Amino acid sequence: MVCTKVCSDPVATGCFISTGRSLETAIERVKLAESLGYESVYVTHIAGRESLTVLGAYALSTSRIRVGTGVVPIYTRTPATMAQTAATLDELSGGRLTLGLGVSHRPVVEGWHGQRIERPVAEMREYASIVRAILRGEDPPRGERWQTGFHLLGLDPRPELPIYIAALSPAMLRLAGEIADGVILWLCNPRYIREVVIPEVRAGRERAGLALEGFDVVAAVPAALSDDREGAYTAMRADLIPYFGLPFYRAMIERTGFAADIEAYDRAAGDLGAMQGAISEEFLDELTAVGGESSLGAGIERYREAGASSPCIGPIPGTDFEATLRAGITS
């Protein structure tokens with residue numbers, strides 16, 4: 001059983017606001033996003049400020065906008081700790097939390113946290129099922145990797161708290177459709193959403209006896225209101241370098257039709273400038289929404305037309321994100 005609490009709006013615009021160098025600036029951006037009418041704000045989980053703690057600050061500074069992780073790796077917390085933290089944040093925010101869970105990648109899971117990824121789809125199924133049971137006030141199922149007898153005490157269950165899953169591969173997309181309330185996408189351009197994400201999510205929903213309607217497809221859209229398209233693309237190329245080296249993203253990029261970009265990236269190994277240059281203009285044209293208000297709006301609309309129910313704009317380094325937020329909500 002999944003919840004339908006936040007998925008009734010067929011088209012909602014959200015945003016990604018991480019803290020960067022300044023938590024104060026990030027909070028002001030979140031308050032701006034709420035005042036402009038954005039439906040949701042997500043924060044990524046990287047090596048900076050801890051994402052769930054940051055969401056507490058966002059929640060206490062706002063009253064309407066939904067706050068979510070986009071996403072927190074499952075191997076950084078036990079399912080019991082994740083459920084306890086999520087329930088607390090949901091209470092703190094007045095029921096506005098969306099818990100986005102992801103597998104992440106081996107350099108993060110193994111290199112940073114000393115954990116291991118063995119069977120990502122099976123482990124996500126097990127982890128999310130335990131978290132869901134705890135949030136409902138039920139006995140958590142016994143898993144192969146995680147076992148817990150944890151129950152919330154002194155805190156009401158949160159059975160309607162939505163759980164979203166980050167997914168790239170067809171198998172993880174099907175799992176998201178089957179057991180989650182939504183899917184969170186990064187680097188998935190409209191073509192991939194239309195040709196892979198929606199069919200695989202639909203297959204997962206059908207496996208669970210559910211319709212696609214009511215399932216939230218959150219797509220990150222790198223966006224910039226800017227007349228310096230080349231400058232924005234240069235910044236994006238620098239940002240994308242790590243992802244072109246990660247197996248999960250490489251496989252997805254190849255499925256999207258940009259295997260030539262991956263091959264050029266590999267040939268350029270060791271030459272950072274050439275590696276960045278391997279990321280084609282065509283790839284960035286499909287992925288981003290950059291330009292004046294009409295171009296920005298058209299870029300966001302491509303994601304909606306492909307099936308993203310919640311396109312969520314995110315900043316491109318070196319551009320004016322406040323201006324992009326203002327223009328993006330009217331697009």
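**Aromatic pairs and parallel strands**

Q: Are tyrosine 127 and tryptophan 146 buried or exposed?
A: Both tyrosine 127 and tryptophan 146 are buried, where buried stands for under 20% relative accessible area, exposed for over 50% and partly exposed for what lies in between, with a 1.4 Å probe and protein chains only. The model is a predicted one, in which local features need pLDDT of at least 70 and side-chain atom pairs pLDDT 80 or more, while totals for chains, interfaces and linings use all residues. Residues are numbered from 1 along each chain as its sequence is written, and side-chain values use heavy atoms, with hydrogens and water left out.

Q: How many aromatic pairs does a search of the whole structure find?
A: The search finds eight, a pair being two rings of Phe, Tyr or Trp (its six-membered ring) with centres within 6.5 Å, called stacked if the planes are under 30 degrees apart, edge-to-face if over 60 and tilted otherwise.

Q: Why is the pair of tyrosine 127 and tryptophan 146 called edge-to-face?
A: The ring centres of tyrosine 127 and tryptophan 146 are 5.1 Å apart and the planes stand at 80°, so the pair is edge-to-face.

Q: What makes this pair of tyrosine 127 and tryptophan 146 a tie between parts of the chain?
A: Tyrosine 127 belongs to helix α5 (residues 120-136) and tryptophan 146 to the loop between α5 and β6 (163-166), so the pair ties together parts 19 residues apart in sequence. Helices (H or I, at least four residues) and strands (E, at least two) are DSSP runs, numbered from the N terminus.

Q: Why is the pair of tryptophan 186 and tyrosine 243 called edge-to-face?
A: With centres 5.7 Å apart and planes at 70°, the rings of tryptophan 186 and tyrosine 243 form a pair that is edge-to-face.

Q: Why does tyrosine 243 count as partly exposed?
A: Tyrosine 243 has 25% relative accessibility, so it counts as partly exposed; tryptophan 186, with a relative accessible area of 24%, is partly exposed as well.

Q: What joins β6 to β7?
A: Three bridges join β6 to β7, and these strands run parallel; strands pair if DSSP finds at least two bridges between them. Tyrosine 164 stands opposite glycine 182 in β7.

Q: How many bridges join β7 to strand β8 (residues 216-225)?
A: Four bridges join these strands, which run parallel, and isoleucine 184 has valine 218 in β8 as its bridge partner.
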